[in-house]
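Have a look at the model and then go through the points below.

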Amino acid sequence: MTDSTPDPYTMPEGGTRESPTSFTARLKYLGPSIIISGSIVGSGEIILTSSLGAAAGFLLLWWVLLSCWIKSLVQAELSRYIIVSGDTYLRALNRLPGKIPGPRGPVAWPIWLGLVAFIPGIMGLSGILGGAGQALTLLIPQMPSTWSTALVAMTTAGILAAGSYKALEKILLGLVVGFTACTLVCATLMQFTEFSMSAADIASGLTFEFPLEYLVLALAVYGYTGVNSNETAAYTYWCIEKGYPGYIGHDRQDPAWRQRAEGWIRVLHLDVWATLLILTCATIPFYLLGAGVLHAMGEQPDGLETISVLSNMFTATLGGWSLWIFGAGAFFILFSTTLSGVGGAGRIIPDYLIELGLFPRSNLPLRKAWTRGFVICAPLFGLLCYVAIPNPVFLVTIGAVTAALMLPIQSGATLWLQARHLDVRIHPRKAVKIAIATIFCFQLLMAGLLIRYVVF
């Protein structure tokens with residue numbers, strides 16, 4: 001018999017709360033979108049998306065748009081299940097059919113697959129750390145990138161060890177908004193330089209051509225641009241810490257439960273669309289700058305020169321003085337990615353141990369201790385990985401490919417969990433279910449391509 005007892009982690013103190021009824025009132029309860037945007041608007045955009053633009057020009061603009069938009073519906077609908085079920089993300093995955101023996105009993109296969117993907121994920125983190133370090137070195141040339149990366153790693157560990165959601169929310173809001181604004185301004189001013197783009201350039205990027213020579217990089221962009229699988233998982237934990245499940249409550253016999261659930265789902269969906277708006281405004285300018293400036297210059301980011309080459313997007317557009325804007329912005333955006341990514345993973349790691357049966361889900365102090373230990377150790381491990389392989393593009397590509405392979409698991413799990421475990425009173429519309437099924441088939445095809453052309 002399936003255990004339906006809510007996880008204590010999903011029931012913060014304070015009790016239920018009636019949902020806001022107006023658009024303005026709902027805005028006051030947004031927050032997970034800001035945290036997750038700190039992770040989304042980062043390595044995939046500034047490193048991979050710009051690199052794809054530098055390689056392919058405007059030709060794959062349609063692909064970048066698709067990569068941004070195709071995952072948000074799964075993010076919204078998987079989170080719908082999480083905030084009303086009393087499950088955490090990994091507990092939900094552990095409900096899927098197909099069990100494999102574990103240390104304390106059978107465990108669903110996605111749990112084991114997630115653990116296998118942990119090392120490639122850390123390698124992706126190390127590329128992000130290294131990118132932030134290179135950006136800092138761009139501002140302070142006297143500081144070697146390994147030393148600046150070490151400084152980023154230690155600062156990340158210190159901030160996250162403090163464990164304050166509110167502080168993290170405020171830090172990431174400033175970082176994301178600041179650099180997104182700078183990038184939008186730079187992409188606009190590009191039109192007044194020799195690198196200006198025409199309507200024909202944009203039209204060429206919407207022809208749905210897909211040259212196979214860009215396949216690996218394009219698949220990496222698909223895996224890390226927009227809401228990737230790691231960020232979708234982390235988003236569910238930020239929703240829990242924001243309080244959405246506790247506001248709804250888990251007493252489904254309560255006559256007001258359905259109304260609260262539907263109201264807070266509307267807040268959740270507004271939060272998801274806010275994420276989509278932020279990531280679109282941040283992603284497309286990076287691609288256009290890569291295509292308009294770097295491709296025209298014949299520059300391709302790589303190795304220790306990754307951030308230095310990327311800075312040409314600003315300096316060639318605005319002038320040499322803008323190196324400081326790019327360096328500061330690149331540091332802020334990659335540092336915010338590091339903060340949000342490590343912070344989100346720190347919420348997930350204890351759940352792996354719980355689902356493996358190594359300690360009970362009721363032990364909240366031990367869960368918090370594991371979270372704190374992870375957010376301290378992970379940046380330091382990522383630093384060691386970057387020192388061994390000082391190539392952010394390569395490291396981030398490894399993380400991106402791994403994240404892309406996990407996407408069909410999430411969309412498939414969303415379909416299965418909603419069909420088998422979601423209260424029928426709050427099921428999504430049939431059109432939404434059909435859309436998720438279509439996304440699942442597309443993501444399964446992309447995973448097959450990754451395995452065919454990248455893994456083997």
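1. Phe-118 is partly exposed at 33% relative accessible area, whereas Phe-374 is buried at 12%. (Buried is under 20%, exposed over 50%, partly exposed in between, with a 1.4 Å probe and protein chains only.)

2. A quick word on provenance: this is a predicted model, where local features need pLDDT of at least 70, side-chain atom pairs count only at pLDDT 80 or more, and totals for chains, interfaces and linings use all residues. Residues are numbered from 1 along each chain as its sequence is written, and side-chain values use heavy atoms, with hydrogens and water left out.

3. The structure has 14 aromatic pairs (Phe, Tyr or six-membered Trp rings with centres within 6.5 Å; stacked under 30 degrees between planes, edge-to-face over 60, tilted for the rest). Among them, Phe-118 and Phe-374 make a tilted pair, 6.1 Å centre to centre with 55 degrees between the planes. Phe-118 belongs to helix 8 (residues 118-139) and Phe-374 to helix 19 (residues 364-388), so the pair ties together parts 256 residues apart in sequence. (Helices are DSSP runs of H or I with at least four residues, strands are E runs of at least two, both numbered from the N terminus.)

4. Ring pairs also link Trp-62, Trp-63, Phe-208, Phe-210, Tyr-222 and Phe-442 into a cluster.

5. Now for Ser-51, which sits in helix 3 (residues 43-56) and is buried at 1% relative accessible area. Beyond neighbours within four places in sequence, Ser-51 contacts Leu-217, Gln-300, Pro-301 and Val-393 (heavy atoms within 4.5 Å).
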